[in-house]
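Subject: Handing over the structure

Hi there,

Here is the structure I promised to pass on to you. Please open it alongside this note, and take your time with it.

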Amino acid sequence: MPGEQDYYSLLGVSRDATPDELRSAYRKAAMKYHPDKNVSEGDTELFVQINKAYEILADPEKRAAYDAQLAEMAVEQAQFRCRVIQSRRTILELDEPQVHYILIDIEPRADIAEVRPPINLSIIIDRSTSMRGPRLDQVRAAAISILRSLQPSDSASIVAFSDRAEIIVSPDQARDMSVARARLSLLTAGGGTEIGQGLKAGLAELERNLARQGVNHLVLLTDGRTYGDEEECLAMASQAARQGITINGVGIGSDWSDRFLDELASRTGGNVVFLDSPTAITGLLRKLFDDLTKVVASRIQLAGQFAQQVDLRSAFKLLPEPMPVDDEFPANLGHLPRDGKIRVLLETVVHPLGDVEELTIGRFEILGDVLGPQAEEIRLPLHVRIPVSQEPDPDPPPDDILSALGAVALYRMQEKARHEAELGQAGQAARRLENLATQLLASGERELAKAALNEAERLVHSRRISAEGEKMLKYGTRALLLPAKAGPGS
Amino acid sequence: MIECPTCKHQEFVGTMFCSECGARLVHVSPLPTMTIPRDHVNEVAMATKPAAPEGPELESGALLGLRVISSGEVISLLGRDNYTLGRSAEGQAVVPDVDLSPYDAYEQGVSRMHAELRVERDSVYVLDLESANGTLVNGKRLQAQKPHPVRHGDIIQLGRMRLQLISRVRN
């Protein structure tokens, strides 16, 4: 292996150069540095290197081996790495389907440079009538605090929307605190909720300042349902994801549509926070911004394919924030924090295998951009394999998987109960919530257990779950997925 | 499949927590089906009502469907009031409306004309057509030729083949 230069750059060709391109590049270089002609010192060594390079690259077999070596080196030197934990060490040879779980950790290198990335941020605020009073006051205070901590390389805007959008603070105005303050005092409540309007205006501001060296981020704050433009919003979110913009949702109170906001955010690798009281708004926005200053890599994606015998049943991001992940690959996973990791849990169904000794579950790639002045696109290959055996793995599954699955089971029960309530199966939904409460109590979640019992009782009397209860149970059980909090189910 | 010791819900091998009641399943033996003799149909006692079906949806317009438990595939039933269930074999004169042979019906002891599903006055019934290995609903064996009401989520077992009824028929 050459010290600094790889053979491709030595010959001045790209990594996918054809044999013809290689030959002509070699001829040119060899002619230039030929010992008969060379004058300057070191040219002979270079000539030897060039010959060696061509010898390797001209031979398809040697070239393939060399490429593999290069790829390995790239992985070793990458600024982040990934690790896979599987629920079992072997998979059973069975004539029926079986479930298999895979945990993927993406972590920055311990010695990664401490660089604060440029932040390209847009905060989109629902100014509908219901936001009047403390909710908007909190938003204003948070906005001022964030604008104050902007650095010259940052860009920030604040957009308010009702049935139309207004840029309250543009990126230029954001640099001048007195102007920004005056502009924010214009932020008053009134009108309906059309999220599409706000989203469009906010994304337009972000697009003007898109930066590969930095994070591109949109925060959407709402307390209501958007009317009739859901599809349009989701299409905008998909487009934003392709541009590398991540969307975070913040839902205040009980009247917003959690399913819509979840879908919107998950398409971009962002997450959703539920606030039952407006007093937490300032702190939350402040934290969102501080977290952005600690991002080391962004636009992290999980791409690739499962083997034919393997189906993906569900995907959950557990870290840095719990969130269901789109089961269509490439899946967007958002930002990688310097002091943490991204952890994804995949639930797969493995169908009968036939006679094989090893199953390649899938061939994936982790993609992402390392931020900062040395911005770099990284691709980590990730082949997940497992030996096939006739005996079950006698060892218990790893704790990380077990505790996460315990929490996922609780989250699913809540989803099922809600679904049953919507289908009019109130009795069944109530029973399920009672089961959920039992499991929650067993893991020490008294408050959530109480909420589940309250809703079970409500189901018996009024056949419905309250809008507030739905959100408390959903985001409450989702929060249990954070590994620090997740205890085994029983 | 493995069975939850708490609520008797059936889950795929390898499942760690019951999707019905949240109980931990890690120590439930992962190899039960391989020990069931092939020529013997077990009557599985179901302690609770089976869960509502999950997974793929019915085709639009279909009111009835059957989910093949072993594979999760959904067979949509469209355009009739009654459907015969069974498997086809070469040279067979009468073929069933729903041919289960792609789902290993033969190996699982499904007869050529095994059972019939009927929709009558907003209710769905299943009827065993004097099959060799019998028909069970939620673990209970049916008398031959006697219609038995079934509802959304019920498990209909033909021989060893388990199907879950998906019904949008009001009852």
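Below is what was found in it, topic by topic.

First, how to read it: this is a predicted model, in which local features need pLDDT of at least 70 and side-chain atom pairs count only at pLDDT 80 or more, while totals for chains, interfaces and linings use all residues. Residues are numbered from 1 along each chain as its sequence is written, chains are lettered from A and ligands numbered from 1 in the order in which they are written, and side-chain values use heavy atoms, leaving out hydrogens and water.

Let me start with helix α14 of chain A, residues 446-462. Helices here are DSSP runs of H or I with at least four residues, and strands are runs of E with at least two, numbered from the N terminus. (The expected span is 1.5 Å times one less than the number of residues.)

Which residues of α14(A) are buried? They are A:Leu448, A:Ala449, A:Ala451, A:Ala452, A:Glu455, A:Ala456 and A:Leu459. They cover an arc of only 160° around the axis, so they sit on the same side of α14(A); the arc is taken from the directions from the helix axis to the C-beta atoms. Buried means under 20% relative accessible area, exposed means over 50%, and partly exposed is in between, using a 1.4 Å probe and protein chains only. On the other side of α14(A), A:Arg446, A:Glu447, A:Lys450, A:Val460 and A:His461 are exposed. The cover over the buried residues includes α12 (399-422), α13 (426-442) and α15 (467-479) of chain A. Just after α14(A), A:Arg463 takes a positive phi of about 65°.

Next, the nonpolar cores. A core is a set of buried Ala, Val, Leu, Ile, Met, Phe, Trp, Tyr and Cys residues joined through side-chain atoms within 4.5 Å. The largest has 43 residues, of which A:Leu345, A:Leu433, A:Leu440 and A:Leu459 touch the most other members. At least two residues of this core come from each of β3 (98-108), β11 (310-319), β14 (342-350), α12, α13 and α14 of chain A, and α12(A) gives the most, with 12 residues. Apart from it lies another core of 36 residues, among them A:Ile168, A:Val169, A:Ile281 and A:Leu284.

Now the charged pairs. Over all chains, a search finds 37 salt bridges, each being a side-chain nitrogen of Lys or Arg within 4 Å of a carboxyl oxygen of Asp or Glu. One of them joins A:Arg23 to A:Asp20, with the closest N and O atoms 3.1 Å apart. Both lie in helix α2 (residues 19-33) of chain A, 3 residues apart, about one turn of the helix. A:Arg23 is partly exposed at 35%, whereas A:Asp20 is exposed at 52%. A:Asp137 and A:Arg140 also meet in a salt bridge, at 3.1 Å from N to O.

And how many disulfides are there over all chains? The search finds 0, a disulfide being a pair of cysteine sulfur atoms within 2.5 Å. The sulfur of B:Cys18 has its closest cysteine sulfur in B:Cys7, 3.6 Å away, so the two are too far apart for a bond. Likewise, B:Cys21 is 3.7 Å from its closest partner, B:Cys4, sulfur to sulfur, which is too far for a bond. B:Cys18 is buried at 0% relative accessibility, and B:Cys21 is buried at 6%.

Enjoy exploring!

Best wishes

Conventions: Contact = heavy atoms within 4.5 Å.
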